[in-house]
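User: I'm new to this one. Can you walk me through it?

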Amino acid sequence: MVVTVVVHLTAKNEHVDKVKAKLIQASRVYVKDQGTINWYVHQDATDPTKFTIVERYEQGSYAQAHVNHPYFKEFCSYVNPLLAKPWEIHQLVELDTSNEVEVPPQTWSDETKN
C-alpha cells in the first residue's frame, strides 16, 4: 500500500535560502532510499517562506526507515532553528483508483447552499 507523507515547513524570512538549499539536498539524499517512489520539494508560489515536501513510499515501513536514516538527524538539527513554526506532518494512504466506483446521488437540497 503506497504511503504519502506531506510536510509543511515555514522558514523565518531571513533563512529562506538556507532552508531551500537544505531541502534540495535532502531530496537528493532521500530519493535514493529503498522503497522511496518520489521525494519532492515545493516552494509556495506567493509566499517564499512556505515549503511543502511530498514523500511517496511503497509502504509505511519505508516511511519509518526514512526517519531512521542517518541524514535525518543532521537535517533536523540544521533546519529546525531556521523555522518560524513547527513542522506540520500528514501521513496519507493512497486510495485505490484502479476500479470503477458508483457515486451515490446527491441527496441534499438546494436550500442548504449558502
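This is a predicted model: local features need pLDDT of at least 70, side-chain atom pairs count only at pLDDT 80 or more; totals for chains, interfaces and linings use all residues.

User: Which residues in β3 are the bridge partners of Val3 and Val7?

Analyst: Val3 has Tyr57 of β3 as its bridge partner. For Val7, the partner in β3 is Ile53.

User: And what joins β1 to β4?

Analyst: There are 6 bridges between β1 and β4, and these two strands also run antiparallel.

User: Is β1 mostly buried or exposed, and why?

Analyst: Mostly buried. Of its 8 residues, 7 are buried, so β1 is largely enclosed by the rest of the structure. Buried here means under 20% relative accessible area.

User: Zoom out. What is the strand order in the sheet?

Analyst: The order is β2-β3-β1-β4. It is an open sheet of 4 strands, and the pairing is antiparallel.

User: Which strands stand at the edges?

Analyst: β2, residues 36-43, and β4. Each has a single partner strand, so one side of each is left without a neighbour in the sheet.

User: What holds paired strands together in general?

Analyst: Strands of a sheet pair through backbone hydrogen bonds, in a parallel or an antiparallel way.

User: How do β2 and β3 pair?

Analyst: They pair in the antiparallel sense, over 7 bridges. The two strands form a hairpin, with 6 residues between them.

User: What about the helices? Which strands does α1 touch?

Analyst: α1 packs on the sheet and touches β1, β2 and β3. Its direction makes about 170° with that of β2.

User: And which does α2 touch?

Analyst: α2 packs on the sheet too, touching β1, β2 and β3. The direction of α2 makes about 130° with that of β3.

User: New topic. How much space lies in the largest pocket?

Analyst: About 190 Å³. The largest pocket is lined by 15 residues. Closest to its centre are Val5, Val7, Glu55, His66 and Val67.

User: Which elements supply the lining?

Analyst: Among the elements that supply at least two residues each are β1 (3-10), α1 (16-30) and β3 (50-57). So do α2 (60-68), α3 (70-79) and β4 (88-93). The largest share, 3 residues, comes from α2.

User: Last thing. Where is Val101 found?

Analyst: Val101 is in the segment after β4.

User: Buried or exposed?

Analyst: Exposed. Val101 has 64% relative accessibility, and the cut-off for exposed is over 50%.

How values were computed. Residues are numbered from 1 along each chain as its sequence is written. Side-chain values use heavy atoms; hydrogens and water are left out. On a 1 Å grid over the protein atoms alone, a cavity is a set of points where a 1.4 Å probe fits but cannot get out, and a pocket is an open set with protein on both sides within 12 Å along at least five of seven lines; lining residues have an atom within 4 Å of a point. Grid points are joined across faces, edges and corners, and a volume is the space filled by probe spheres set on the points. Two strands pair if DSSP finds at least two bridges between them. Contact means heavy atoms within 4.5 Å. Axes are lines fitted to C-alpha atoms, for helices over the stretch in contact, and angles run from 0 to 180 degrees between N-to-C directions. Buried means under 20% relative accessible area, exposed over 50%, partly exposed in between (1.4 Å probe, protein chains only).
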